[in-house]
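Biologist: Please take me through one part of this model up close. I would like a connected account of how its side chains are placed and what they meet.

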Amino acid sequence: MLKNETTKWYWYTGSTKDMDRRLTQYQNGEGANHTKKRLPVILLYYEKYDRIDTAFYREKQVQGWSRAKKEALMRGELEGLHDLAECKNNTHYLVFRTPDFGLGLS
């Protein structure tokens, strides 16, 4: 994950086969359009995978996370990731209960 040096709100999550080359590209304005406008960037966190399909899957997974969940990952607070992923609306399994229709199932 990359962060712009001057802002606190900007994060970028991507994948690459060559981290050093990709970071150089970003700093030279040759990276993704999203990062070109937010230079310079700092590498905050990375994970290594042997397979590009696994890395790409993980990239898409993390891109869908909230800022709080990404920050917990970077701090190594893995036990808290599940709590940060919980749905907070009425469809969540902790809130929603199936009616037992008088059968005593709940």
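Modeller: Let's begin with Arg-58, which counts as buried because its relative accessibility is 18%; buried means under 20% relative accessible area, exposed over 50%, and partly exposed in between, using a 1.4 Å probe and protein chains only. Please keep in mind that this is a predicted model, in which local features need pLDDT of at least 70 and side-chain atom pairs count only at pLDDT 80 or more, while totals for chains, interfaces and linings use all residues. Residues are numbered from 1 along each chain as its sequence is written, and side-chain values use heavy atoms, with hydrogens and water left out.

Arg-58 sits in helix 3, residues 52-63 (helices are DSSP runs of H or I with at least four residues, strands are runs of E with at least two, and both are numbered from the N terminus). Beyond its neighbours within four places in sequence, Arg-58 is in contact with Glu-47, Tyr-49, Trp-65 and Leu-73, where contact means heavy atoms within 4.5 Å.

In soluble globular proteins, nonpolar side chains tend to be buried together.

Now for the charged side chains. The whole structure holds 6 salt bridges, each a side-chain nitrogen of Lys or Arg within 4 Å of a carboxyl oxygen of Asp or Glu. One of them joins Glu-59 and Lys-60, at 3.9 Å from N to O. Glu-59 is buried, with a relative accessible area of 10%, whereas Lys-60 is partly exposed at 40%. Another salt bridge links Asp-53 to Arg-51, with the closest N and O atoms 2.7 Å apart. Here Asp-53 is partly exposed, with a relative accessible area of 41%, and Arg-51 counts as exposed at 52%. Side chains of opposite charge can pair when their charged atoms come close.
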